[in-house]
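Good morning, and thank you for making time for this presentation. I would ask you to keep the sequence and the structure in view while I speak.

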Amino acid sequence: MARVTHLDLANLTIREVNQFLHHELDASQTAQVDIQNPDGKHSIAAGLDMEVTVNILGHAGYFVAGMNKQASVTIHGNVGWSVAENIMSGTVRVTGHASQCTAASGHGGLVVIEGNASSRCGISMKGCDIVVQGNVGHFAGFMAQAGRLVVCGDAGPHLGDSLYEAILYVRGSIASLGADAQQQEMTPDDIQSISELLAASGVAADPHEFKKVASARRLYHWNATERQEY
Amino acid sequence: MCGIVGILLKTEALRPSLGKLATPMLECMGTRGPDSAGLAVFQNTLEEPQRRYSLRAQQPDFDWQHWQADWPDPQLGTLETQGAHASLISSCPVTQVHEFLQLFSADVRLLATGRAIRLFKDEGHPIEISRRCALPELQGTHAVGHTRMATESVVSPEHAHPFTAGEDFCLVHNGSLSNPYSVRRKLERRGIAFETDNDTEAGCRFLQWRMREGDTLEEAIHRSFRELDGFFTFLMATAGKLVLVRDGFSCKPAVVAETDEYVAVGSEFRSLAHLPGIVNADVFEPSPEQIYSWHV
């Protein structure tokens with residue numbers, strides 16, 4: 001029968017907790033793991049590859065739920081740098097704020113930040129979806145290649161700098177657009193996309209209030225005759 | 001990498017525990033900076049004309065008694081020692097004490113001067129330094145600490161942070177400046193002397209020079225956005241306040257936790273996790289180029 005396992009980081013090391021999550025979950029028939037006393041420690045619940053619910057009860061440090069596959073991880077607090085870095089699938093939710101590089105290089109899955117996400121949110125994302133209920137800091141979506149970033153609050157400077165094919169949606173103000181990022185017309189598909197993502201993340205907002213930012217594709221090809229400035 | 005920590009206590013009741021609160025913060029950040037560490041604490045301000053001089057001897061087993069016996073003026077002041085560190089409280093003119101330390105004390109280095117600041121810094125792991133300097137026993141209103149992972153200049157006690165300039169001012173730095181030599185040349189032309197080739201010292205002396213010219217610390221920091229090129233999270237303290245700022249890119253981390261009893265700053269939340277009432281603290285990441293000041 002499915003059951004809840006409690007792990008306490010006041011008594012266990014990160015390695016012990018992660019080894020349990022990687023190797024012993026199956027045999028333990030655990031459907032839910034509650035991790036206590038995270039105290040800002042790094043790499044908690046990184047590298048999961050199983051359908052399991054993980055609750056981290058407090059603030060976590062860097063790389064929490066990194067490389068996540070299948071699992072549904074909720075951090076009940078704030079997180080440090082690179083939450084859900086390289087996420088492949090599953091869901092990672094942060095009830096507080098996130099520091100830099102949320103879901104960096106994420107390939108799939110959904111990352112929800114209920115508070116604000118700081119700079120470089122979604123940097124180099126490759127297909128994951130990110131929903132931030134609050135604001136994002138500077139350089140959100142930097143070099144983002146695929147996937148969708150939904151910002152319900154405001155975006156800081158240089159949004160979408162050197163953007164590839166990821167699409168960014170912002171409900172509030174945009175401090176400035178980065179190089180090669182441009183605001184584009186919203187299409188019915190965009191409205192549909194935002195509706196689905198808001199529903200999946202449990203956020204109530206009107207999809208029609210969002211602006212769309214995508215690549216102007218002017219940086220795709222090197223122009224040797226153009227005057228270059230660095 | 002490097003780690004920075006700082007705490008300002010808002011209530012009188014916590015002040016005897018300043019060292020006990022700040023030391024685990026510093027030790028925790030040993031993972032970000034294992035090669036040297038330092039802590040500056042600000043204590044009850046001495047009456048004029050008294051000054052406290054924080055000193056460190058070059059030898060770990062330095063004989064302070066013997067050194068004191070050789071003072072040209074036995075009335076120079078009172079000495080309190082802790083291993084290789086010492087605190088000299090003197091009512092003599094500052095220039096006289098500085099001259100004495102320079103001319104007669106090749107084995108003793110001056111770390112800080114002021115009416116409130118007391119500074120410890122050395123080479124070695126932060127846990128080791130906390131123990132050697134008995135940091136948990138320190139009392140005061142606020143503290144600033146640093147754990148160093150050297151990247152741009154040698155590992156030595158002199159290159160450890162906090163850096164000081166003038167009186168009752170210190171600075172710790174996570175990051176690296178890319179134009180410290182041009183800043184330094186500019187300051188040296190104005191007669192400002194340097195003790196190391198460290199980039200942070202250039203930043204510290206630049207800010208103190210601006211304050212000497214009449215800027216507030218906040219105005220000096222605004223000017224530094226144009227003059228200092230590079231990455232930085234700076235945490236600074238004067239006798240009355242704790243000030244935090246990050247450069248425009250904010251590649252170097254910082255997190256702030258504030259309660260009714262204290263405000264604490266660390267490179268990582270881990271370093272703050274032991275603080276009382278942290279669960280209900282207002283925890284936030286400082287924004288780029290925004291100056292945060294907290295007053296005693």
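Please note that the model before you is a predicted one. Met143(A) sits in the loop that runs between E7 and strand E8 (146–151) of chain A. Together with Tyr164(A) and Tyr220(A), Met143(A) makes up a nonpolar patch on the surface, and the accessible area of the three together is about 260 Å².

From the surface I turn to the strands of chain A. Strand E6 covers residues 110–113 of chain A, with Leu110(A) and Val112(A) pointing one way and Val111(A) and Ile113(A) the other way. This is the pattern one would look for, because side chains in a regular strand alternate between the two faces of the sheet. In E6(A), are these four residues buried or exposed? All of them are buried.

Which strands pair with E6(A)? One is strand E5 of chain A, residues 91–94, which runs parallel to E6(A) and is joined to it by four bridges. Within that pairing, Val94(A) has Ile113(A) as its bridge partner. The other is strand E7 of chain A, residues 126–132, again in the parallel sense and again over four bridges. Here Ile113(A) is partnered by Val132(A).

Lys212(A) and Asp190(A) form it, and their closest N and O atoms are 3.0 Å apart. Lys212(A) belongs to strand E11 (residues 211–215) of chain A and Asp190(A) to helix H2 (residues 188–201) of chain A, so the pair ties together parts that lie 22 residues apart in sequence. Both Lys212(A) and Asp190(A) are buried.

I now move to chain B, and to an open sheet of seven strands. Its order is E7-E2-E8-E1-E14-E13-E15 (chain B), and the pairing is antiparallel. The edges are formed by strand E7 (117–123) and strand E15 (282–284) of chain B, each of which pairs on one side only. From one strand to the next, the twist averages 10°. As one example of the pairing, strand E1 (residues 3–9) of chain B and strand E14 (residues 262–266) of chain B run antiparallel and are joined by five bridges. Gly6(B) finds its bridge partner there in Val265(B) of E14(B).

Two helices lie across strands of this sheet. Helix H1 (residues 18–28) of chain B lies across E1, E2, E8 and E14 of chain B, and runs at about 160° to E1(B). Helix H4 (residues 126–133) of chain B lies across E2, E7 and E8 of chain B, at about 130° to E7(B).

What links H4(B) to E7(B) in terms of charge? A salt bridge is formed between Arg132(B) and Asp122(B), whose closest N and O atoms are 3.4 Å apart. Arg132(B) is in helix H4 and Asp122(B) in strand E7 of chain B, so to speak distant parts of the chain, 10 residues apart. The two partners may be compared by accessibility: Arg132(B) is partly exposed, at 30% relative accessible area, whereas Asp122(B), at 12%, counts as buried.

The remaining sheet is also in chain B. It is an open sheet of five strands in the order E9-E10-E11-E12-E16 (chain B), with antiparallel pairing. Its edge strands, strand E9 (163–164) and strand E16 (292–295) of chain B, each pair on one side only. Strand E10 (residues 169–177) of chain B pairs with strand E11 (residues 230–238) of chain B in the antiparallel sense, over nine bridges. In that pairing, Phe169(B) stands opposite Thr238(B) of E11(B). Packed on the sheet is helix H6 (residues 199–212) of chain B, which touches E9, E10 and E11 of chain B, and its direction makes about 135° with that of E10(B).

Glu201(B) and Arg205(B) are both buried.

I close with the salt bridges as a group. How many are there over all chains? The count comes to 28. In chain B, a network of salt bridges links Glu48(B), Arg51(B), Arg115(B) and Glu167(B).

How values were computed:
Residues numbered from 1 in each chain as written. Chains lettered and ligands numbered in written order. Predicted model: local features only at pLDDT ≥ 70, side-chain atom pairs only at ≥ 80, totals over all residues. Heavy atoms only, no water. Buried < 20%, exposed > 50% of the residue type's maximum accessible area, 1.4 Å probe, protein only. Pairing = 2+ DSSP bridges. Patch = residues over 30% accessible without salt bridge, like charges linked within 9 Å, V, L, I, M, F, W, Y side chains within 5 Å. Areas by Shrake-Rupley, 256 points an atom, 1.4 Å probe, with all protein chains shown as cover. Salt bridge = Lys/Arg side-chain N within 4 Å of Asp/Glu carboxyl O. Contact = heavy atoms within 4.5 Å. Axes fitted to C-alpha atoms, helices over the stretch in contact; angles between N-to-C directions.
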